[in-house]
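These notes are meant for a colleague opening the structure for the first time. Please keep the sequence and the model side by side while reading the points below.

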Amino acid sequence: MEKVKACMVNLSEDDCSLDTLRRILSCCLNKTLLIAHVLPGVYHQEKIQEASASIIRLKPDLIFIVLSTRHFTLATHFINSLSEERDGPKIVAFFENGTSEAAVELLKLGAVDVLLPPFTEEIVVPRVSRIIIGERPEELFLKKLKEKLGLRKMIGRNSAFLAEVNKIPLIARCDAHVLIAGETGTGKEIYARSIHYLSRRAAKPFVAVSCGAIPADLFENELYGHERGAYTAAVTPQAGLIQEAEGGSLFLDDVDCIPLGAQTKVLRFLQEKEFRPLGSARAQRADTRIIASTNTDLTKAVSTDTFRRDLYYRLSVISITLPPLRNRLEDIPLLARHFVEKHRDEFESAAIDISPGAFQKLMSYNWPGNVRELENVIERAVAFSFKALIDVKDICLPEDDACIGAKTFKEAKSQAVTRFEKQYIQELLSTHQGNISQSAKVAQKDRRAFWELIRKHKIDPRNYKITSG
C-alpha cells in the first residue's frame, strides 16, 4: 500500500504539541503515513505564504495544522485558501485550548476533523487512521442515509432551533465533549442521540443515564464499576457505564446532579480517558465520548461552588442551548401533526388532523413541559378522539377545569398505580433501612429502574437509614 503523504504546519508559538504529535504519528502510523515536511513557527503572514508555496510544491494528501487561539484568525485564512484548491489536501486541525464555536468554524471552513487536547496516542491514532483509510462510495451513501434518519425527529422551523440542529452533522464529525442545555422536555436526549448516530461511533453503544437517579454513595460504582470484593456485596466484578459505552457515547443527563465529591474523577476521565473501578489497583482506559445535558444554569452552580469550574469548562467544549417551546410557536402545528400521526395507529384512532380552534388553544398555552408535554396532550387527544378532526374540547390542558373534574378509567387507573408505587417503594426502603440494592432485589427490579421510580416519586432514601446517636 502506498503511503499517504502529509505535511505538518505549526501555527502556535510552542512546539510542544507539534513534537508530541509528530512522534505519535511517525511511530504509530509509519506503515501508512509519510510526514514529508514539517513547518514550525508559522504564525506570521509571510510565513503563511511560504507554507502555502511549499504545500503547492509538495502536493500532500494530508495537512496537520497545530494552532492556538491566539492565531485563530490567521489559521482560518490559511485553511480557507487551502480548501479552495480543487482536489486539495484534507486538513486535520489540532486545536490547543480551542472553544466550541471556533472548532465548529474550522469544520465549516473545510477541515475534515478537529481534535482537542489531550493529544494522546489512544485518541490521535484512530482518528487519523480513519481519515487515511478514507470512505468508499457505499459509506458515503450510508452517511447521507444516517443523516436523514438521525435528524428526522428534530422537527421545527424556528430559526433559533434550526441554528442548533444544523450544528449536529458538524459536531458529529469531531469527538469533542458536548454540553446540551435546555428546559425539561426540549429534546436534549434526542439531540444527543442524533450526534451519536451521525458520528463514526454509530455502530457502538449509546448509553443514557440520569445522574439525578443515582444515589450519591453509588455514583462511582455505577460509572466505573467494581472488582470482586470491592465491598461486602461485590461477590462478582461488574462493568460500569463507561465500559458499557466503550467505543460509543455516554449520555449524562442532569449532569448538574453529579455529587461534588465524584466530580473530580469525572474530570480525570474527560482529561485522560482513564478511570479506576472500585477495588482495582490499576487504572483502565476507555474510548467513550461524553455528551452531557442540564436543565439548570451551570454557571450559577459554578459560582455557588456546587459544580466544579474546571469540569464545567471541560464538558462545555461544545455548548448547545435548545430553546423552550414557548419561544417556538411556529413549530407547534408541525409538532402536533407529527404526534397525531405517531400515535394514531397505536390507538386505532380516527383522528388525522387538528382543527384551527384547537391549534389556537395549543399556541396560547405556555408549555412549561415543552415538547414532551405537547406530545402527552396530543397523545391523550388522539386516544379519546372518535372523529377525523381533533377539536378544542379534545385538547385537555392543566388550566382547564373540565379536565380536572372528569377522569377516564385510564386516568383513574394511572393515579391508583402511582399511589401504589410510591407506597410500595416507601415500605421497601423502610424495611431495608434505605438500602436501595436490597430493596430492588426484593422488588425483582433492575437497580437503575428502581432508582428511576425513586426519583419519579421524589423519595429520599436517606430518610429511611437508621443513624446512631
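Predicted model: local features only at pLDDT ≥ 70, side-chain atom pairs only at ≥ 80, totals over all residues.

1. A salt bridge is taken here as a side-chain nitrogen of Lys or Arg within 4 Å of a carboxyl oxygen of Asp or Glu. By that rule arginine 448 forms a salt bridge with glutamate 222, and the closest N and O atoms of the pair are 2.8 Å apart. Arginine 448 lies in helix α21 (residues 447–456) and glutamate 222 in helix α10, so the pair ties together parts that are 226 residues apart in sequence. Helices (H or I, at least four residues) and strands (E, at least two) are DSSP runs, numbered from the N terminus.

2. Residues are numbered from 1 along each chain as its sequence is written, and side-chain values use heavy atoms, with hydrogens and water left out.

3. Is glutamate 222 buried or exposed? With buried meaning under 20% relative accessible area, exposed over 50% and partly exposed in between (1.4 Å probe, protein chains only), glutamate 222 counts as buried at 2% relative accessibility, whereas arginine 448 is partly exposed, with a relative accessible area of 29%. The side chain of glutamate 222 also makes a polar contact of 3.3 Å with that of arginine 447; a polar contact is a pair of N or O atoms within 3.5 Å, where within protein one must be able to donate a hydrogen and the other to accept it, and residues adjacent in sequence count only if both atoms are side-chain atoms.

4. A search of the whole structure finds 20 salt bridges. In one of them aspartate 175 meets arginine 127, with the closest N and O atoms 3.5 Å apart. Aspartate 175 lies in the loop between α8 (168–173) and β6, and arginine 127 in helix α5, so the pair ties together parts that are 48 residues apart in sequence. Aspartate 175 counts as buried at 14% relative accessibility, and arginine 127 is buried too, with a relative accessible area of 3%. Both belong to a network of salt bridges that links Asp113, Arg127, Asp175, Arg200, Arg201 and Asp287.

5. The salt bridge between aspartate 310 and arginine 308 (2.6 Å, N to O) has another setting. Aspartate 310 is partly exposed, with a relative accessible area of 32%, and arginine 308 counts as partly exposed at 28% relative accessibility.

6. Five strands form an open sheet in the order β2-β1-β3-β4-β5, with parallel pairing; two strands pair if DSSP finds at least two bridges between them. At the edges stand β2 (33–39) and β5 (113–115), each with a single partner strand, so one side of each is left without a neighbour in the sheet. The twist averages 20° from one strand to the next, where axes are lines fitted to C-alpha atoms, for helices over the stretch in contact, and angles run from 0 to 180 degrees between N-to-C directions.

7. Which residues cover the two faces of β3? Leu62, Phe64, Val66 and Ser68 lie on one side and Ile63, Ile65 and Leu67 on the other, and all are buried. Strand β3 (residues 62–68) pairs with β1 over six bridges, valine 9 having isoleucine 65 as its bridge partner, and seven bridges join β3 to β4 (residues 90–96), where phenylalanine 64 stands opposite valine 92.

8. Helix α1 (residues 16–28) lies across β1, β2, β3 and β4, running at about 160° to β2. Helix α5 (residues 121–133) lies across β1, β2, β3, β4 and β5, at about 170° to β5.

9. A nonpolar core is a set of buried Ala, Val, Leu, Ile, Met, Phe, Trp, Tyr and Cys residues joined through side-chain atoms within 4.5 Å. The largest has 49 residues, and those with the most contacts inside it are Ile65, Leu67, Phe78 and Tyr191. A second, separate core of 44 residues includes Cys211, Leu218, Leu270 and Leu315.

Terms used. Contact = heavy atoms within 4.5 Å.
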